[in-house]
Amino acid sequence: MSDLEIRPATADDLAAIVAMLADDPLGAQRESPDDLSPYLTAFERLANDPNQHVVVAVREDKVVGTLQLTVIPGLSRRGTTRSIIEGVRVHSDERGSGLGSQLIEWAVEESGRQGCKLVQLTSDVTRTDAHRFYERLGFEASHVGFKKSL
């Protein structure tokens with residue numbers, strides 16, 4: 001897999017990113033690949049925030065994976081800076097290839113470079129395969145998450 005490049009995403013990558021976000025049962029219900037305008041607005045906001053890192057994995061000039069890493073300075077845990085991994089997606093042609101592990105390893109290493117002492121993520125309760133994947137990579141299901149739509 002030495003032909004893989006993980007790099008910052010650009011606006012030109014948005015169509016491929018959104019297609020991957022929409023390519024699963026949950027994403028198909030909440031993503032709209034036919035209208036990239038809200039994604040472009042969000043991407044511009046992310047690109048202007050130094051604590052946001054949206055990356056893509058590229059192989060042979062094709063975007064095959066993505067994730068967002070957010071660095072959050074905090075007061076709890078004695079002023080610990082933490083990171084959150086979000087929006088992890090691997091192109092359907094690449095699933096099972098080890099690419100997901102490479103993306104998460106990149107995010108963990110980058111978190112360390114950013115001074116983080118804790119890396120966290122959430123995964124929908126229905127994604128049991130993802131839960132096993134994250135546990136295999138050393139993550140612990142330590143909390144119960146809550147959310148409220150606005």
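A nonpolar core is here a set of buried Ala, Val, Leu, Ile, Met, Phe, Trp, Tyr and Cys residues joined through side-chain atoms within 4.5 Å. Buried, in turn, means under 20% relative accessible area. The model under discussion is predicted.

**Nonpolar cores**

- The largest nonpolar core has 19 residues, of which Leu67, Ile85, Leu99, Ile104 and Tyr134 touch the most other members.
- At least two residues of this core come from each of E2, E3, E4, helix H5 (99–113) and helix H6 (128–136).
- H5 provides the largest share of this core, with 5 residues.
- Another core, of 10 residues, lies apart from it and includes Ile17, Met20, Phe43 and Val54.
- In soluble globular proteins, nonpolar side chains tend to be buried together.

- Ile85 belongs to the group with the most core neighbours. Leaving aside its neighbours within four places in sequence, Ile85 is in contact with residues including Leu67, Leu69, Ile104, Ala107, Val119, Leu121 and Phe139.
- Ile17 is part of helix H1 (residues 14–22). With a relative accessible area of 8%, Ile17 is buried, because this value falls under 20%.
- Beyond its neighbours within four places in sequence, Ile17 is in contact with Ala9, Val54, Val56 and Thr66.
- Ile17 and Tyr39 are 22 residues apart along the chain, and their C-alpha atoms are separated by 9.6 Å.

**Strands**

- In strand E3 (residues 62–72), 8 of the 11 residues are buried, so the strand is largely enclosed by the rest of the structure.
- E3 pairs with strand E2 (residues 52–59) in the antiparallel sense over 8 bridges. Within this pairing, Val55 stands opposite Leu67 in E3.
- E2 and E3 form a hairpin with 2 residues between them, and Glu60 in the turn has a positive phi of about 50°.
- E3 is also joined to strand E4 (residues 82–90), by 7 bridges and in an antiparallel arrangement. Ser83 in E4 is the bridge partner of Val71.

**Salt bridges**

- Side chains of opposite charge can pair when their charged atoms come close.
- The whole structure holds 9 salt bridges.
- Asp23 forms a salt bridge with Arg95, with the closest N and O atoms 3.4 Å apart. This pair links distant parts of the chain, 72 residues apart: Asp23 is in the loop between H1 and helix H2 (25–30), and Arg95 is in the loop between E4 and H5.
- Asp23 is partly exposed at a relative accessible area of 36%, and Arg95 is partly exposed at 45%.
- Glu110 and Arg113 form a salt bridge whose closest N and O atoms are 2.8 Å apart. Both residues lie in helix H5, 3 residues apart, about one turn of the helix.
- Glu110 is buried, with a relative accessible area of 12%, whereas Arg113 is exposed at 54%.
- Arg132 forms a salt bridge with Asp129, the closest N and O atoms being 2.1 Å apart. Arg132 and Asp129 are 3 residues apart in helix H6, so about one helical turn separates them.
- Arg132 is partly exposed at 46% relative accessibility, while Asp129 is exposed, with a relative accessible area of 54%.
- A network of salt bridges links Asp3, Arg59 and Glu94.

Notes. Residues are numbered from 1 along each chain as its sequence is written. This is a predicted model: local features need pLDDT of at least 70, side-chain atom pairs count only at pLDDT 80 or more; totals for chains, interfaces and linings use all residues. Side-chain values use heavy atoms; hydrogens and water are left out. Helices (H or I, at least four residues) and strands (E, at least two) are DSSP runs, numbered from the N terminus. Buried means under 20% relative accessible area, exposed over 50%, partly exposed in between (1.4 Å probe, protein chains only). Contact means heavy atoms within 4.5 Å. Two strands pair if DSSP finds at least two bridges between them. A salt bridge is a side-chain nitrogen of Lys or Arg within 4 Å of a carboxyl oxygen of Asp or Glu.
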